[in-house]
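Here are some friendly notes to read alongside the model. They go point by point, so please keep the structure open as you read.

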Amino acid sequence: MKWFSLSKIKMNPARRSLTLLAASACLLLASGCDGKGNSAPAGTGAAQAVESPSASPLASALPSASVSPTVSALPSPSVSEPAGTDTPDPISMKLAGMTLEEKIGQMLLVGIQGKTAGTEAKQMIAEDKIGGIILYSSNVGSLKELVQLTNALKQSNEGNPAPLFMSIDQEGGKVSRLPADYAAFPSNAAVGAADDADAAGTMGELLARAVKSSGFNMDFAPVLDINSNPDNPVIGNRSFGNRADLVTRLGLAEMKGLEREGVIPVVKHYPGHGDTSVDSHLELPVINKTETQLARLEWLPFQAAIKEKADAVMVAHILYPKLDPDRPASLSQVIIGQQLRGQMGYDGVVITDDLTMGAIVKNYSLPAAAVDTVLAGSDILLVAHEYKNEQAVRTALLDSVKSGMISESRIDESVYRILALKAKYELSDQPIPVPDLTGLNSDIQTWRKPFQQNK
């Protein structure tokens, strides 16, 4: 089923209800239709995620779940009926017909084990009605196996409220998840060395064509971090460079290239991971910069992306004591609610980095972190490892709404954004054939020639 396309319509709040009318009508029908790049591996920090915070020095300084009443100050999407018409907003109608369990499910984007759609994966989709899947290298076999996996996951979603986000980290360079059948992409740094925005735009288009051919519709790219710290263990050549103007121009060009080919780009890692000396997959980085200092460098690419109507922003697990001494960015109402949504006016989808990373699970209980990030303003919670962790997050959110800790209207704000994004990109759970990569690989190989010496 094709959804109404909103790719050429500006989604300002005053027009959202009208512009989403046709898209949402399709959404209503759809529900009834017949670097390391990797997150913390299972068995390390993720295995402790449902326990209480560890006794590390940071844990005592970081509250587990101090609920803030400031969530009411967060900007909310327009979910009222379109002005000047008697026709209800179909997305609001869709929300009204969804159960709380279905709404919470849409806010979860989870990882799975293995290269096939196992029992736990199917349960999370069919029973918990999760909104999306992320696949890592450990899930990727041959091209045929990967296509079979993405098709099977989509098939498990039959009858659920909306199609799945099928996501992957495909940046190029060392963070590449696709099978060896695909021609390799150079690193962002190699492309950045050429300082060619047109080439970065083509890179975005080629990345989108590649991931789309395997059944994905969301790519966690581009990286908008500025590589300002030479000792950074996790960003490095994943960044386009060490200048804000360079990262902004090339990053936005890549973002638009992904958009043009119908793949949802997720810009990352707000507020900026480029000046860390700690890998957040393992520990919690601390950056002692003021708001003024961040505004002069790290924020610049993200602010530019927001002006260009970025669809989704991933928030990093980094503690900024001078902004919020108690919570990392991914759990902070100051950084997400007041700054990203308030000062910068961002009303798109906010996605957390993987909540099973060491930065979180070594200092917080996972259920408490899940509640805090929703109160802060996040829409999608990335839970990349272990079925029990998805269960813990889901239960925590359900319980928090039932207890009144989080209002259901707050959940509705996030689910509205999620459904609108799925409608905008006309997502579908239809199966795809195993692709012939001859033309795509030829295009990648031709495009990458100028960057081979910059590796």
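1. Let me begin with Lys-129, which sits in the loop between α6 and β2 (132-135); helices (H or I, at least four residues) and strands (E, at least two) are DSSP runs, numbered from the N terminus. Its phi is near 55°, a positive value in a residue other than glycine. Lys-129 counts as partly exposed because its relative accessibility is 22%, where buried means under 20% relative accessible area, exposed over 50%, and partly exposed in between (1.4 Å probe, protein chains only).

2. A word on the ground rules. This is a predicted model, in which local features need pLDDT of at least 70 and side-chain atom pairs count only at pLDDT 80 or more, while totals for chains, interfaces and linings use all residues. Residues are numbered from 1 along each chain as its sequence is written, and side-chain values use heavy atoms, with hydrogens and water left out.

3. On confidence, the mean pLDDT of the protein is 84, and 79% of its residues reach 70 or more; pLDDT is the predictor's confidence in each residue, from 0 to 100. Please read residues 1-82 with this in mind: pLDDT stays under 50 there. For that stretch the model has 198 contacts beyond four places in sequence, a contact being heavy atoms within 4.5 Å.

4. Glu-386 also has a positive phi, of about 80°, although it is not a glycine. This residue is found in the loop between β8 (381-383) and α16. At 19% relative accessibility, Glu-386 counts as buried. As background, most residues other than glycine have a negative phi, and most peptide bonds are trans.

5. A cis bond joins Ala-221 and Pro-222, with omega about 5°, and Pro-222 belongs to the loop between β4 (218-219) and α10. The bond from Tyr-270 to Pro-271 is cis too, with omega near 0°; Pro-271 lies in the loop between β5 (264-270) and α11 (291-296).

6. Which residues touch the most other members of the largest nonpolar core? They are Ile-133, Leu-153, Phe-165 and Leu-397, in a core of 98 residues. Such a core is a set of buried Ala, Val, Leu, Ile, Met, Phe, Trp, Tyr and Cys residues joined through side-chain atoms within 4.5 Å. Helix α9 (residues 197-213) gives the most to this core, with 8 residues. Apart from it lies another core, of 27 residues, including Trp-299 and Val-350.

7. Ile-125 and Leu-153 touch each other. Ile-125 is in helix α6 (residues 119-126) and counts as buried, at 0% relative accessibility. Beyond four places in sequence, its contacts include Ile-133, Asn-157 and Leu-164. Ser-156 is 31 residues away along the chain, yet the two C-alpha atoms are separated by 6.3 Å. Leu-153, for its part, touches Ile-112, Ala-117 and Met-166, among others outside its sequence neighbourhood of four places.

8. How do α9 and α10 pack, and at what angle do their axes cross? The axes come within 7 Å and cross at roughly 35°; axes are lines fitted to C-alpha atoms, for helices over the stretch in contact, and angles run from 0 to 180 degrees between N-to-C directions. The crossing is right-handed, that is, the near helix is turned clockwise from the far one by less than a right angle. Gly-201 in α9 is buried, with a relative accessible area of 5%. Its C-alpha atom is 4.4 Å from that of Glu-254, and Gly-201 also touches Ala-253, Gly-257 and Arg-260.

9. Arg-394, in helix α16 (residues 387-403), is buried, with a relative accessible area of 14%; its contacts beyond four places include Glu-101, Glu-127 and Asp-128. Ser-428 is in the loop between α17 (408-424) and α18 (438-448) and is partly exposed at 22%. Its C-alpha atom is separated by 8.4 Å from that of Ala-162, 266 residues apart along the chain.
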